[in-house]
Each structure stands twice: as C-alpha cells, then as structure tokens.
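Good morning, and thank you for the time on the agenda. I shall go through one model, from the overall fold to individual residues.

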Amino acid sequence: MKTILLYWLMTFSSGVILWLWEKQDPLRLVKYKSEFFKEFQAASVAFCYMLINNYVTWMILTKVLTFPREIVESTGILSFPLWVRFVTAFVLKEFVYYIIHRMQHANEYTWLTHKWHHSSQSVWWLAAQRSSLTSEILYTFPIIWFPLLGIPLELMTIVPLHGAFQNNWIHLNVKSQPWMRILEWIYVTPRFHSLHHYDMRGRNFGDSLTIFDRLFGTYLDPDTYHLDENQSAGIDEPVTVKMIVGI
C-alpha cells in the first residue's frame, strides 16, 4: 500500500511539474480545463485497479514464484553483484513489457485489455493514467524479475517510482527537441511514444528502452513521420464499462 501511495504521489507531483513544460511548448492544443476532470476520474479508477492488482501481485510473488525462485538460486546468478542483477532485471522487465504491449495490439481479443488507454483523443500526461484492470494485471508480470533476481524491496521501490515519472514523461504533449534524437538511441521520449498513439499500425511499443523496437522491426522513426495536426490520438469509439475493465 505504501508503494502505491508513493507511486501516485510521484505521478501527480512530477505530472504538475511536467505540465508547466506542456503549457509552454505544446505539440497540440489541449483544452486542459475541460479535459482535466474527465482524466482525473479515469486516473481515480486506475488507482482502484492498482489496489486490486497489488493483491494479485502479492499472490504471484508469494505463491506462484516459489518454484522458479529455486531454479534461479540454483544457477548461481544471485551471487552476482547487486547492480548487475538490478540492471539485468530492468532489461528483462522491459523485454517482457514489450512482448505484452505488442501482444495487446496483436488481435481483437488482447486489444480489449488495452483499448481504454487508447480511447483518449489527446495525448498528455494525465491522459496517460488510463489503464484497465486486465491491463494492470498483465503489467504485473514484467516486474517479477526483480524478486526473482533477489533485488531488495527497498531498491525495488525505485522501479514503480520511475514508472510513474516515465508514464508522464512519454505521454507529454510537447514539441520535438533536437536532444531527443540522441536520447532515443536508448530511452523512450515523448515524440517516440506519441507516434504509438497517432500511428494505429502499432509501432514503438517500448516503455523505457527503444532497443526492442529496433531489434524486432517495430521502430518508427519520428523524423520520418509526418504528423497531421488534425489527426486524432484516440480510437473513435464510445467508452463503456467493459472497455474500462478491459474485457
């Protein structure tokens, strides 16, 4: 519960700070006053889902992962330095996230878990919080590498805090900057991820790292894509209860 509260504290504190940048140099015009209450409601629902998912995560870590943890211990990898195991767990988390995210866009059934996230007509930091219950549960699996590789709980807390900031960061409604091109060799930027929302073919699935999109042919270079200013960022469907749940 403490981690969840820290996550949402980071979400709104970093969101407000990044919002200042959005308002100074927006990529598109967003009517924040009319959009805020709607997106805040969506974020509140996602917060409730996270509370439910916290219990699911506890069940997975304490009941399901007992046998796999024993296998990991037998490999001797837990004798590696902590920083090596942390970096390894982070990269593996990113790889599993990439697979799940790509899978969500793969067909009409898995798409149901992710559709609500793509229902917002504008990409900006608060709209990023839309996440269905089934999507929240799916995104539990990438983090299992941290306990499997023996990462202490206090160090694991960095992961959701970074995730809260990162989710705001990649959904920022800001214009492209030259330094983003350099950063994108490794790290996902707002312009990189915005194409994931505006290009409905399904590209740029990475959460924090761009490497897996480059390796597996789903990378869309922002410099080669012309973004139509009148193009919508969201799907043209009414939001329903089933969509919000993700079924």
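Let me begin with a term: a residue is called buried at under 20% relative accessible area, exposed at over 50%, and partly exposed in between, with a 1.4 Å probe and protein chains only. Helices, in turn, are DSSP runs of H or I with at least four residues, and strands are E runs of at least two, numbered from the N terminus.

This is a predicted model, in which local features need pLDDT of at least 70, side-chain atom pairs count only at pLDDT 80 or more, and totals for chains, interfaces and linings use all residues. Residues are numbered from 1 along each chain as its sequence is written, and side-chain values use heavy atoms, leaving out hydrogens and water.

First, the overall fold. The protein chain has 12 helices and zero strands. Its radius of gyration is 18 Å, close to the 18 Å that the globule rule gives for 247 residues, so the chain is as compact as a globular protein of that length. That radius is taken over C-alpha atoms, and the rule is 2.2 Å times the number of residues to the power 0.38. Along the principal axes, the C-alpha atoms fill a box of roughly 55 × 40 × 35 Å. Of the 247 residues, 47% are buried. Contact here means heavy atoms within 4.5 Å; among contacts between residues at least 6 apart in sequence, 75% join residues at least 24 apart.

Next, helix α10, residues 190–198. How many of its residues are buried? Nine of the nine are, so α10 is largely enclosed by the rest of the structure.

I turn now to helix α1. It covers residues 2–24 and reaches 34 Å from its first C-alpha to its last, close to the 33 Å expected, the expected span being 1.5 Å times one less than its number of residues. The helix has a kink of about 25 degrees, centred on V16; the bend at a residue is the angle between axes fitted to the seven residues ending there and the seven starting there. Buried positions in α1 include I4, W8, L18 and W19. S14, also in α1, is buried with a relative accessible area of 7%. Leaving aside neighbours within four places in sequence, S14 is in contact with F165 and N168.

That brings us to the interior. A nonpolar core is a set of buried Ala, Val, Leu, Ile, Met, Phe, Trp, Tyr and Cys residues joined through side-chain atoms within 4.5 Å. The largest one has 23 residues, of which W8, W124, W125 and L172 touch the most other members. Its largest share, five residues, comes from α1. A second, separate core of 12 residues includes F90, L148, I151 and L209. Not counting residues up to four places away in sequence, W124 touches several residues, including W19, E22, F36 and H171.

Finally, A43, which lies in helix α2. A43 is buried, with a relative accessible area of 3%. Which residues does A43 contact, leaving aside its neighbours within four places in sequence? They are W8, F12, L126 and Q129. A43 and Q129 are 86 residues apart along the chain, yet their C-alpha atoms are separated by 5.2 Å.
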